[in-house]
Amino acid sequence: MVDFVRGPMVWIAFGVFFVGLAWQGFRFFKLTRKKSLVHTQVWPQASSGRKKKTRWIEAFSAFLETAEKKYRASVFATHPIMIGVTVVFHVCLFVTPIFLLAHNSMLENSIGFGLPSLPEALGDFLTLLVLSCGLFFLLRRLFVRRVRAITGWSDWGAFGLTLAPFVSGFLAYHQWFDYRTVLFAHIVLGELMLISIPFTKLGHMIFFFFYRFFLAGEYSFGQGRRMW
Amino acid sequence: MSDTRTCAPVDKLEIKRLLRARKSMMKLYLSHCVRCSLCAESCFLFMTNDQDPKYMPSYKVIQSVGKLYKKRGNVDRVFLEKIKKIVWKNCVLCRRCYCPIGVDIPAMIAFARGVCRSQGVYPDFDEQGAAESWL
């Protein structure tokens, strides 16, 4: 059982993760279609005549003015702490496991190739950072009325699936409790998280980009050339 | 006219057909809402009603479209009347709601309205105007 979880199951989990993401991507592009001309908004083009030369200082101040207006109307201004914590959480969520020394040495032992690794102390600090952000989300979900009003079981499931590998990894690194049991739990929980990403709420990992970059809409980043 | 409309039994087959037609899109949106509540401030009704959570865009979507799919369309008229209040009285479909993930909240509210309307459930401003305030 332990050998299976440490061996083939890891590759199965990675397989389901990548194939699942690819399948969801395929599904998204099948469900959506290219925006037709009817739905294309035509913006007035800049005049083709000679443009008035603007000094760079004017252009820069205009840019700053627009940026400030956009900032004031965005969630960055209404929820600066939440957005800050969210950004830190998501960055660390990726960076920590991918560049962790222990993971990369195992990868190198297994296939003879490993990614660059962070110093052990930094990896430990980033794990603590993820857990601290998790604590912030937990308190928010428990005590903020508006968040509590919309929280369901699936949210607790996604919360647990995301943080459990980090909690168990932290415990395993510091060798608290029975090391072998904690390490086994860490591997199982990590595999569970990978498998569940494409098919659960955690799928926003890939669908965030689909929704915000590919779909046409007022809030889309970039062109947004597709529609349902 | 109003009586016949409100007493007629619900056509569950039609509701199920409507739900099936938009299932993929709606289910994806519902499952990818991370319930962060960041959409709240973008709703002017939320801001002008003492920040009551029931006016949050995500709450309105979960309580209307979410429940329709959860019940797989097996709903009665009483349930649709509840949704009517959520998607018409608590939302004016001004399309100002903002979701950081990119969930198209107005499309979902409009869909819930469509399901209600298919069963003759919609606000009767002329007849109920005096009895019930919609604003």
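Buried means under 20% relative accessible area, exposed means over 50%, and partly exposed is anything in between (1.4 Å probe, protein chains only). Keep that scale in mind as you click along.

This is a predicted model, where local features need pLDDT of at least 70, side-chain atom pairs count only at pLDDT 80 or more, and totals for chains, interfaces and linings use all residues. Residues are numbered from 1 along each chain as its sequence is written, chains are lettered from A and ligands numbered from 1 in the order in which they are written, and side-chain values use heavy atoms, with hydrogens and water left out.

**Stop 1**

Select A:Q175, in the loop between α9 and α10 of chain A. (Helices are DSSP runs of H or I with at least four residues, strands are runs of E with at least two, and both are numbered from the N terminus.) A:Q175 is exposed, at a relative accessible area of 53%. Its phi is near 55°, a positive value in a residue other than glycine. Most residues other than glycine have a negative phi.

Now jump to B:R72, found in the loop between α5 and α6 (77-89) of chain B. B:R72 is not a glycine, yet its phi is positive, about 55°. With a relative accessible area of 66%, B:R72 is exposed.

**Stop 2: a salt bridge along a helix**

Side chains of opposite charge can pair when their charged atoms come close. A salt bridge here is a side-chain nitrogen of Lys or Arg within 4 Å of a carboxyl oxygen of Asp or Glu. Over all chains, the count is seven salt bridges.

Select A:E68 and A:R72, whose closest N and O atoms are 2.9 Å apart in a salt bridge. Both lie in helix α3 (residues 56-72) of chain A, four residues apart, about one turn of the helix. An α-helix has 3.6 residues a turn, so residues three or four places apart point the same way. A:E68 counts as partly exposed at 41% relative accessibility, while A:R72 counts as exposed at 59%.

**Stop 3: a buried network**

Which residue forms a salt bridge with A:D155 at 3.6 Å? Select A:K201 to see the partner. The pair links distant parts of the chain, 46 residues apart: A:D155 is in helix α9 (residues 153-173) of chain A, and A:K201 is in the loop between α10 (179-196) and α11 (204-214) of chain A. A:D155 is buried, with a relative accessible area of 3%, and A:K201 counts as buried at 7%. Salt bridges that share partners join A:D155, A:K201 and B:R35 into one network.

**Stop 4: where the chains meet**

Show both chains. Contact (heavy atoms within 4.5 Å) takes in 28 residues from chain A and 31 residues from chain B. The two chains bury about 2700 Å² between them, 60% of it on carbon and sulfur atoms. Buried area is the accessible area (1.4 Å probe) that two parts lose on being put together, summed over both.

There are three salt bridges between chain A and chain B. One to select is A:R145 with B:D52, where the closest N and O atoms are 3.9 Å apart. A:R145 lies in helix α8 (residues 145-148) of chain A and B:D52 in the loop between α4 (44-47) and α5 (57-70) of chain B, so the pair joins two chains. B:D52 counts as partly exposed at 21% relative accessibility.

Next, color helix α3 (residues 23-32) of chain B, whose buried residues are B:M25, B:M26, B:L28, B:Y29, B:L30 and B:H32. These buried residues pack against α2 and α11 of chain A together with α5 and α7 (105-118) of chain B.

**Stop 5: aromatic rings**

Rings of Phe, Tyr and Trp (its six-membered ring) pair if their centres lie within 6.5 Å; planes under 30 degrees apart count as stacked, over 60 as edge-to-face and the rest as tilted. The structure holds 25 aromatic pairs over all chains. A:W11 and A:F14 form a tilted one, at 6.5 Å centre to centre and 40° between the planes. Both lie in helix α2 of chain A, three residues apart.
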